[in-house]
Amino acid sequence: MGDRGTCNHSEVTDFILIGFRVRPDLYILLFLLFLLVYIMILLGNVGMMTIIMTDPRLNTPMYFFLGNLSFIDLFYSSVIAPKAMVNFWSESKSISFAGCVTQFFLFAFFIVTEGFLLAAMAYDRFIAICNPLLYSVQMSTDLCTQLVAGSYFCGCISSVLQTSMTFTLPFCASRAIDHFYCDTRPLQRLSCSDLFIRKIVSFSLSSIIILPTIIVVIVSYLYIVSTVLKIRSTEGRKKAFSTCSSHLGVVSVLYGAGSFMYLTPDRFPELSKVASLCYTLVTPMLNPLIYSLRNKDVKEALKRLLEKKNTIL
């Protein structure tokens with residue numbers, strides 16, 4: 001690693017993204033896999049945003065949140081996938097220091113924003129099921145806008161803190177990041193300093209960010225389940241649960257993949273990369289599929305949009 005006491009981050013001008021440690025002849029397969037997943041992300045999320053923006057029947061708080069979710073999924077996957085695909089064909093596999101900072105900041109920004117947005121969506125479902133008569137009053141346009149703006153604000157503040165903590169580390173001689181994108185743990189492995197205090201601060205910051213969103217989701221669904229179980233008719237319970245199943249699926253996929261990634265021990269870097277792949281690309285690919293396959297309104301809106309295009313043609 002070189003002289004750990006004399007080399008610091010001010011001398012680093014670029015990094016090398018090692019990516020997946022596989023035989024070179026498998027790069028083409030990985031490239032095609034990344035390309036396929038990224039195309040599905042583009043089609044799914046752009047399609048979802050188009051449906052929501054063009055169909056006036058979807059002009060409701062739930063679909064306002066869903067449109068922002070698709071926007072976030074589209075952009076945070078775009079921060080990762082194109083560079084990873086380029087590196088499959090690049091011999092140097094380098095990324096500039098500024099590029100690494102930018103990638104780290106944007107990914108942290110969008111992923112934290114998504115966590116807060118999912119909490120806002122859980123609150124929306126809570127009001128819709130537990131207080132349906134007051135739904136239009138309580139979930140006003142102003143409140144929805146404030147919840148979304150607050151999610152982006154929290155994401156920005158969190159990303160600024162995480163980025164500054166990571167890139168003020170003194171880095172050693174090695175510039176090789178054992179990952180396919182700039183992430184916290186692979187960058188920390190390049191540091192020359194004792195990371196104990198920084199890890200404590202980072203864990204505390206993550207807890208402050210993640211715990212409130214998880215608590216909102218859990219408490220909202222406890223109330224939702226309690227209310228739904230009081231509905232006497234089977235059809236009524238089924239309809240109530242169906243309005244929440246898509247959101248619950250998205251929350252499960254995001255937090256499940258994220259937990260898998262960050263709980264993977266450092267001694268298994270390749271497993272960590274696979275977990276990161278689920279978190280960074282598979283999740284934004286699945287989200288529009290979950291909502292389109294499990295949501296009657298979205299399927300009907302898509303049908304109307306296709307019929308309208310056929311009529312024009």
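Predicted model: local features only at pLDDT ≥ 70, side-chain atom pairs only at ≥ 80, totals over all residues.
Local features rest on residues with pLDDT of at least 70, side-chain atom pairs count only at pLDDT 80 or more, and totals for chains, interfaces and linings use all residues. Residues are numbered from 1 along each chain as its sequence is written, and side-chain values use heavy atoms, with hydrogens and water left out.

Rolling a probe the size of a water molecule over the atoms shows where empty space is left. Here a 1 Å grid over the protein atoms alone was used; a pocket is an open set of points with protein on both sides within 12 Å along at least five of seven lines, whereas a cavity is a set of points where a 1.4 Å probe fits but cannot get out. Lining residues have an atom within 4 Å of a point. Points are joined across faces, edges and corners, and a volume is the space filled by probe spheres set on them.

The largest pocket has a volume of about 1200 Å³. Its lining holds 39 residues, and Ser-202, Phe-203, Ser-206, Ile-210 and Tyr-262 are the closest to its centre. Helices (DSSP runs of H or I, at least four residues) and strands (E, at least two) are numbered from the N terminus. Helix 7 contributes the most to this lining, with 12 residues. By class, the lining of the largest pocket has 22 nonpolar, 11 polar and six charged residues. Nonpolar covers Ala, Val, Leu, Ile, Met, Phe, Trp, Tyr, Cys and Pro; charged covers Asp, Glu, Lys and Arg; the others, Gly among them, are polar.

Two cavities reach 30 Å³ or more. The largest cavity has a volume of about 70 Å³. Seven nonpolar, two polar and one charged residues line the largest cavity, among them Phe-20, Tyr-27 and Lys-93. The second largest cavity holds about 60 Å³. Helix 9 (269-294) gives the largest share of that lining, three residues.

Helix 5 (residues 141-167) has 27 residues and should span 39 Å at 1.5 Å a residue; its end C-alpha atoms are 39 Å apart, which agrees. The expected span is 1.5 Å times one less than the number of residues. Buried residues (under 20% relative accessible area, 1.4 Å probe, protein chains only) of helix 5 include Cys-144, Tyr-152 and Phe-167. The buried residues of helix 5 pack against strand 1, helix 2, helix 3, helix 6 and helix 7.

Terms used. Buried < 20%, exposed > 50% of the residue type's maximum accessible area, 1.4 Å probe, protein only. Contact = heavy atoms within 4.5 Å.
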